[in-house]
Amino acid sequence: MSIADNIHRIEQELAGTTARLVVVTKTHPVEKLEEAYAAGARIFGENRPQEMAAKQPQLPADVEWHLIGQLQTNKVKLLAPFVHTVQSIDSLKLLRELDKHAAANDRLINGLLQFHIAQEENKSGLSLGEAEEILASEEFQQLRHVRLTGVMGVATFTSDEAQLRQEFQQLRGYFEQLKTTYFANQPGFREISMGMSGDYALAVAEGSTLVRVGSAIFGSRG
Ligand SMILES: *Cc1c(COP(=O)(O)O)cnc(C)c1O
């Protein structure tokens, strides 16, 4: 199956659901991104800031770039001129830095709060309590150039469907709770980014709005 075939097949599966496709392009050369673009993909996800900043000028300007990997504050300036959404927000410090650089570029940058939902300890993300601490802070409420549009999570690497469903439901529960408490009159808070190549169908069934799919489109990263 070609890249285009894979994208078209997944887009068909997502048609009529709440979910949109983020094509995860990390490690792949620009030619493959161009193939994905030609097949209609417009949202690309990368996990390394330098790699994303190197590829961005080589693709058309209407690509929506999402960072899905950890972002250190000293790398924010690489992305601030163009990034659409940072899906991996895990601290107030990072929000502060994004706000500063977005302001310097006269831009608004979207962010998703990343939650720890997996059983594996090494996977990163906030707890609900940590997220609430950020949202309730005076400093967060002053930020004008970064806007939170939802939540993101990476599930356990497992084929246990019950486990995956439980983790996706947990993330959705966090989303609903934060929406009610902190974003009740903000329709822009609407994204639940969950689901990857191995589990996106389940994630969509549990209410995902953004699935992040790499290897099911490009093959394994080897
Ligand atoms: C690499 C990556 C993906 C895509 O993984 P695949 O299994 O290749 O679809 C999704 N989300 C995050 C955070 C990733 O790092």
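Tutor: The account below begins with the annotated lysine, moves to the charged pairs, and then turns to the chain as a whole.

The model is predicted: local features need pLDDT of at least 70, side-chain atom pairs count only at pLDDT 80 or more, and totals for chains, interfaces and linings use all residues. Residues are numbered from 1 along each chain as its sequence is written, and side-chain values use heavy atoms, with hydrogens and water left out.

The UniProt record, an unreviewed entry, places the feature "modified residue: N6-(pyridoxal phosphate)lysine" at Lys26. UniProt positions are given here in the numbering of this structure, feature names are shortened, and annotations may be inferred rather than shown by experiment. Lysine 26 is found in the loop between β1 (20-24) and α2 (30-38). Helices (H or I, at least four residues) and strands (E, at least two) are DSSP runs, numbered from the N terminus. Lysine 26 counts as buried because its relative accessibility is 18%; buried means under 20% relative accessible area, exposed over 50%, and partly exposed in between (1.4 Å probe, protein chains only).

Which residues does lysine 26 contact, leaving aside its neighbours within four places in sequence? They are Gly45, Glu46, Asn47, Glu51, Lys55 and Arg221, where contact means heavy atoms within 4.5 Å.

Two of these partners, lysine 55 and glutamate 46, are themselves joined by a salt bridge between their side chains, at 2.8 Å from N to O. A salt bridge is a side-chain nitrogen of Lys or Arg within 4 Å of a carboxyl oxygen of Asp or Glu. In general, side chains of opposite charge can pair when their charged atoms come close. Lysine 55 counts as buried, at 6% relative accessibility, and glutamate 46 is buried as well, with a relative accessible area of 0%.

Elsewhere, glutamate 97 forms a salt bridge with lysine 100, their closest N and O atoms being 3.5 Å apart. Both residues lie in helix α5 (residues 92-104), three residues apart, which is about one turn of the helix. Glutamate 97 counts as buried, at 19% relative accessibility.

Another salt bridge links arginine 172 to glutamate 176, with 3.3 Å between the closest N and O atoms. Arginine 172 and glutamate 176 are separated by about one helical turn, because they are four residues apart in helix α8. Arginine 172 is partly exposed, with a relative accessible area of 36%, and glutamate 176 counts as partly exposed at 36% relative accessibility. Salt bridges that share partners also join Glu46, Arg48, Glu51 and Lys55 into one network. A search of the whole structure finds 11 salt bridges.

Helix α8 (residues 161-182) also holds phenylalanine 168. Phenylalanine 168 counts as buried, since its relative accessibility is 0%. Not counting residues up to four places away in sequence, phenylalanine 168 touches Ala155, Met194, Gly195, Asp199, Leu202, Ala203 and Glu206.

The wider setting may now be described. The UniProt annotation "domain: Alanine racemase N-terminal", from an unreviewed entry, covers residues 3-220. Over residues 3-220 the chain is 42% helix and 18% strand, and the end C-alpha atoms are 12 Å apart.

The secondary structure of the chain comes to 10 helices and eight strands. The radius of gyration of the chain is 17 Å, close to the 17 Å that the globule rule gives for 222 residues, so the chain is as compact as a globular protein of that length. This radius is taken over C-alpha atoms, and the globule rule is 2.2 Å times the number of residues to the power 0.38. Buried residues make up 50% of the 222 residues in the chain.

In the largest nonpolar core, which has 65 residues, Phe44 and Phe115 touch the most other members. Helix α8 gives the most to this core, with six residues. A nonpolar core is a set of buried Ala, Val, Leu, Ile, Met, Phe, Trp, Tyr and Cys residues joined through side-chain atoms within 4.5 Å. Beyond its neighbours within four places in sequence, phenylalanine 44 is in contact with residues including Val22, Leu33, Leu59 and Trp65.
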